[in-house]
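Here's a quick briefing to read with the model open on your screen. Have a look at the fold first, then work through the points below.

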Amino acid sequence: MTKPSLPDLLHAAVSAVGGTERPGQVAMAEAVAEAIDDNSHRLIQAGTGTGKSLGYLVPALAHGERVVVATATLALQRQLVERDLPRTVDALHPQLRRRPQFAMLKGRSNYLCLHRLHEGAPQDEEDGLFDQFEAAAPTSKLGQDLLRLRDWADETETGDRDDLTPGVSDKAWSQISVSSRECLGATKCAYGAECFAEAARERAKLADVVVTNHALLAIDAIEGAPVLPQHEVLIVDEAHELVSRVTGVATGELTPGQVNRAVKRSAKLVDEKVADALQTASESFERVMELALPGRLAPIPEDLGYALMSLRDAARNVISAIGATRDKSVHDEDAVRKQALAAVENIHTVAERITNGSEYDVVWYERHDRFGATLRVAPLSVSGLLREKLFEDRSVVLTSATLKIGGDFNGVAASLGLSPEGVEGDDVPLWKGLDVGSPFDYPKQGILYVAKHLATPGREGTRGDMMDELAELIEAAGGRTLGLFSSMRGAKAAAEELRGRIDNPILLQGEETLGELIKNFAADPKTCLFGTLSLWQGVDVPGPSCQLVVMDRIPFPRPDDPLMSARQKSVEEHGGNGFMAVAATHAALLMAQGAGRLVRASGDRGVVAVLDPRLATARYGSFLRATLPDFWYTTDRNQVRRSLAAIDATAKADGK
């Protein structure tokens, strides 16, 4: 029997999802197939509307080896598992003569733990009762969430938190879930045979396609203990997010509260002398943290260094002692010991990492009005880790609508540990970049407007001229506006000011769940939605409800961001341009994602307005604009108002 051709398979899959075949999608599928066959690597930029999910799923399924697909957002994971994969498998089955299996796999804490549910969470003494369902008043929000979780546990097939709708608070979920460090292990747990997390792992072992997230991919790479099943092909979707997700997983933190909890959890399991040493170390750490001021610690202050060494040594002794004692008077001892060990091991790991003082780590204090000070440590770069762990022994395809920064792939490639395209050498993974474009006609569908006449934004203070400009643009557009702000403070200030100045309803991030906000925004064209960075990627509102996307300023990292500043300085010390490599690249990625909210379908029309004159006047402006979709560009404020009014009039004439 002849092997079915890739174009035939793609045609069948596209027809099954009711889509339209696009040249970019075909080019992408061919590139993915080639990478898999050659065991090589690809960076593929596929603009909105390309249909990139099918562009990689079809060649991956046709190949027949196990594939892991890692995404950044829950929305895309769900789309793949609930919509794209079932339809694609059904469509390809007749030609492939087999039915590929697929499964979702997440970190252990995403699944309900039956042991926690039935035996209760080991609690600290002052938290009261062991049974969290009894401890939380049934009338409280926490109590109601816990009762609902208990009911849900009887009916759920997956135990996956994301299958619970509506969701529950993190506090409620933490009562019935465990981290991988806290887990007793299937063989030691009375509920091991029914465990949801273990069942998900077993399904993944049997699946041809495993859908996971960037965080689990990072854990799999960093921690050395494989979580994902063996696979021949790795596809990273939303790949522009990968570096920040891996950095997040590789970041350690210590707080006085966290150390205190570890002290209390371990106190009953070790002798008094060992417990007292950890208590004393905890108190000296707390005293140091009370005086902590935000900012990078280079070098580590002497008093903090001593406190961390005491913590490290005391934690190490507790870990040894817990391993050597048994106490049958402790209720559910194995779970209590496991939770205590997890808490103390984390303290030991972070304290030791900071006291070792690696030149490749950045250490800093953060302060929160409500929670006090936190000590953090993060890698200066994850590029070496990614080069070593990601690109060995498998073919890797990284794809996103935003991978070319300033016009080429090399910036993103460098952050992933790759050399410039085409450079060969020992231990240098070879890769090719491909931009398959977008099916949309950006110059005809959108305008990029830069408000060149406005004052340059300062670090603080309100921008009266910017508020006036924003109000006029919204009125010209008849609402229909997504306002993307570089800070929550800026989004709130604009919402408060404009609610008193214009008639259009203004929704604000944080006042409702994101899903509810987007639903309400899409339902009423007169409405505006204001939010901050987390909104920039979560909004998909095709049609006339979103015809104006406004960015208040270029979203450079804050000058006092310790990690970004350290990365910038490191690039400069190695002879590079730190500002362009770090700050401008960071801003370019965010702006491209923000501008990508405007045109989501072939009939969409509108304006992306950037209320920061530096995009037109600064030397780096052309670098940032080269990363944005190829909209028609203008700085003429009157032209833009006329265009917005015309777009609004057309939508109203169409009854929208």
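A polar contact here is a pair of N or O atoms within 3.5 Å; within protein, one must be able to donate a hydrogen and the other to accept it, and residues adjacent in sequence count only if both atoms are side-chain atoms. Keep in mind that this is a predicted model: local features need pLDDT of at least 70, side-chain atom pairs count only at pLDDT 80 or more, and totals for chains, interfaces and linings use all residues. Residues are numbered from 1 along each chain as its sequence is written, and side-chain values use heavy atoms, with hydrogens and water left out.

**Helix α23**

- At the start of α23, N577 puts a side-chain oxygen within 3.2 Å of the backbone nitrogen of F579.
- Since 14 of its 18 residues are buried, α23 is largely enclosed by the rest of the structure; buried means under 20% relative accessible area, exposed over 50%, and partly exposed in between (1.4 Å probe, protein chains only).

**The whole chain**

- You'll find 26 helices and 18 strands in the chain.
- The radius of gyration is 27 Å, close to the 26 Å that the globule rule gives for 656 residues, so the chain is as compact as a globular protein of that length. That radius is taken over C-alpha atoms, and the rule is 2.2 Å times the number of residues to the power 0.38.
- The C-alpha trace spans about 75 × 70 × 60 Å along its principal axes.
- Of the 656 residues, 52% are buried.
- Take contacts (heavy atoms within 4.5 Å) between residues at least 6 apart in sequence: 76% of them join residues at least 24 apart.
- The chain exposes about 29,900 Å², with carbon and sulfur atoms supplying 49% of it; areas come from the Shrake-Rupley method with a 1.4 Å probe, and for residues only the protein chains shown count as cover.

- Buried residues in α12 include P256, V259, N260, V263 and S266.
- In helix α10 (residues 214–222), H214, L216, L217, A218, D220 and A221 are buried.
- Those buried α10 residues pack against β2 (67–71), β4 (209–213), β5 (233–236), α11 (242–249) and α16 (383–390).

**Backbone spots to check in the loops**

- T165 to P166 is a cis peptide bond with omega near -10°, and P166 sits in the loop between α7 (141–155) and α8 (170–174).
- A298 and P299 are also joined by a cis peptide bond, with omega about 0°; P299 is in the loop between β7 (295–296) and α14 (302–324).
- D393 isn't a glycine, but its phi is positive, near 65°. D393 lies in the loop between α16 and β10 (395–400) and is exposed, at 74% relative accessible area.
- R480 isn't a glycine either, and its phi is about 50°. R480 is in the loop between α19 (464–477) and β13 (481–484) and counts as buried, at 2% relative accessibility.

Technical notes. Helix = DSSP H or I, 4+ residues; strand = E, 2+ residues; numbered from the N terminus.
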